[in-house]
Amino acid sequence: MFSLRQMPLSARVPLIAAGLMVLVGVVASQQVLSALNRVQEARLRELARLHVDGLAVALGPSVLRRDVWEVYDTLDRATTAMAGQRMVLTVVADEAGRVIAASDPRRAPVDSTLAPLLPGAQAVEDIRLTADAPHVRVLADLTYQDRRVGQILSELDVADLIRERRRVWGLLLAGNALATLGLAIGGFLAMRRMLRPVATLAGHMAAMEGAPRAIPADQVPRGDTELARLFQTYNAMSGAAEAKAVAERRLAERERFVSLGRLSSSLAHEINNPLGGLLNATDTIRTYADRPDVVREAAGLLDRGLRHLRDVARATLDQNRLDRHGTPLTPEDFDDLRLLFAPEVSRLGQRLDWVVTATAQDMGRLAAAPVRQIALNLLLNASAAAGPGGQVGLEVTPGLSLRIRDSGPGLPEPARLRLLTDDPVQPGGGVGLRLVRDLVAEMGGRIDNAKDAGGAGITVTLPTGAAPC
Amino acid sequence: MTQPTRRAFMTGAAALIAAPSLLRAADPIRLGLTPVFLDNDAEVISHLQLALGQGSGRGIELSQRRTYQEVTGMLLEGSVDAAWLCGFPYLQHENVLSLIGVPLWRKAPLYQSYLIVGAEDAAQSLTDLRGGAHAFSDPDSNSGWLVTASELARMGERPETFFQRSLFAYGHRNVVRAVAGGLTRSGSVDGYVWEALAKVEPSLTAQTRVIARSEMLGFPPFVTRRDRAGDAAVQALQQALFGLSGTVEGQAALGLLQLDGVIAGEPALFDGIRARMRDVQGL
């Protein structure tokens, strides 16, 4: 059902204003009609009073004598003289209500009773114009020489008053309808104009698509009005929100480096440790240059060490390349991840369970960069949660499903909120897990969090049906 | 009825008050009238006054009263020199009154009394009107009372018991109005007035219907007191009346009255009324 509450403010307020105008019009019309009615009734009362008083003066002596002809003659002449005027019927009766004569004896024969004509008869002072009745009956005492000698019942034609009232009603209705319509439209337009900035503001807010957009200066209302201040406040807020979004984007961008940064010392060890052996090998070559078997062994050692260093460097570079979005995921990417992550595991004395059962075919439809980022961030988080001597595991199964397990106590609440909800990121926490959430969402995947006797586990399921990003 | 007593009193009073006519020789002629005419009394009076003034060479003073009784009283006590009365009051005071002239209507000094009812009324005769309301013109009017009362007397009835209610409208036109307006079911009216009204006010008479006409009776005459019949004023008035049809003003007045002229009438002209008076004697 249509509801006023569902309408936009810019339409609702002008409509309410227009409605109020109509209401004012209706009340004003009612007042005018009521005043007209009072004036007409007062006029009619005065006319009736004059009519009755005039007849009483003329008829008094005849009524006192019960002179049928004289009473009739007076009434008949009065009727003829006032032909086309207000008097329709006048009946004169004695005190007992017996008709002496009437202006129309056929309606009220001589010697008949006045009773049949009494229903609806009103006293002069109480005359009311009722509904659309074209005639009004008035009953008054006929007094002569301060004595009540009879009664006068008159039927007065009020059709002209009724017509006048109808005409005024029509004019008033038409006039007020026009005026009200004008006022209503004027009010509607004025309110709409006044509320246009609100519509502009609402439009900007609705169109921002997650990013508040500042309103151009030429659309800001002039002067120091509430609306101008509202616009300024909105612009300031949109600026702040945009700055925050930029900062968040920058932060997310950095997160990739952060995850590597966290690995940097481990990686430094990974590079540094073979260096001693490699330098010994060069010394050995130099010292035993004449012994080909020793040189060959030392060169083999050098080759293996340098190849390892090359792999580590390549994995690190790969992790940080920004243009890898088009590269499809391969099992080698998980080898790279293991290479990068293993030093951290060994530094903390943790045990790593690494199972990749998915084939290149299972992975081929997914982009490498986001999956590597997701896995690395979750592995680092798991390693931190498992603590020194703990246990961390990765299982990649067709589907594609990444299951990261650790022996830690499970996700703390702030981390869970970052990973599983869109709630605002609490100050002080990292944005790594929120980045995982955003990446999974972008890929149309799902994150499940479960905790059992074996520890905490997070499963990321990524759809493989979609085309590579 | 108490009227004979009043009439006797008035006659006596008139005789006592009567003064020598010579003293009033230069005075205007005073003529008493009843509202026997149509609705335009003022115009008729004005023309009649002018025509009679020219014809008599004297000023004319017209005194109109509401009832025959009042005019008869004025004549008897001498405050008017002559009066245009109905044949009924003339005969009531025949011993002291004398004819000056009788108007001609439709070439004859005769007229009828009409019994009228509302145009839609189904009544065919007087007997059908029993129990209804009836309008008479004047208790001293021949056509407006005597004719109907004598008809009832011949039936052994009296107006006040035959009719449920009867009223006097004091004017033949008023009788027509009463019946036309529905105030009464029926009315007794001067046939001359009804016919004259039918010409000048046909919308009024059209609301009535004549159900009975009397025999021809003597037209309402101009009369004077018998003892003043020889007065110069009365003589001058008589000549002026006889000469009305010979002057322009007179013809204008006669035209308004729808009369043809005035002739000297004989008392025998009123024998019909006399007979009806006898019929109501016992009432």
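Biologist: At what angle do the axes of α8 and α10 of chain A cross?
Modeller: In this predicted model, the axes of helix α8 (residues 368-386) of chain A and helix α10 (residues 432-442) of chain A cross at roughly 145° and come within 10 Å. Axes are lines fitted to C-alpha atoms, for helices over the stretch in contact, with angles from 0 to 180 degrees between N-to-C directions. Helices are DSSP runs (H or I, at least four residues), numbered from the N terminus.

Biologist: Which residues of α8(A) and α10(A) make the contact?
Modeller: From α8(A), they include A:Q373, A:I374 and A:N377, and from α10(A) they include A:L435, A:V436 and A:L439. Contact requires C-beta atoms, placed from the backbone, within 7 Å.

Biologist: How do the residues of that contact divide?
Modeller: Eight are nonpolar, four are polar and none is charged. Ala, Val, Leu, Ile, Met, Phe, Trp, Tyr, Cys and Pro count as nonpolar, Asp, Glu, Lys and Arg as charged, and the others, Gly among them, as polar.

Biologist: Turning to the interface, how many residues of chain A are in contact with chain B?
Modeller: Ten residues of chain A are in contact with eleven of chain B. Helix α2 (residues 68-81) of chain A gives the most to the chain A side, with five residues. That side divides into six nonpolar, no polar and four charged residues.

Biologist: What is the mean pLDDT of chain B?
Modeller: The mean is 87, and 88% of the residues of chain B reach 70 or more; pLDDT is the predictor's confidence in each residue, from 0 to 100.

Biologist: Where in chain B does pLDDT stay under 50?
Modeller: Over residues 1-25 of chain B.

Key
Residues are numbered from 1 along each chain as its sequence is written. Chains are lettered from A and ligands numbered from 1 in the order in which they are written. This is a predicted model: local features need pLDDT of at least 70, side-chain atom pairs count only at pLDDT 80 or more; totals for chains, interfaces and linings use all residues. Helices (H or I, at least four residues) and strands (E, at least two) are DSSP runs, numbered from the N terminus. Two residues are in contact if their C-beta atoms, placed from the backbone, lie within 7 Å.
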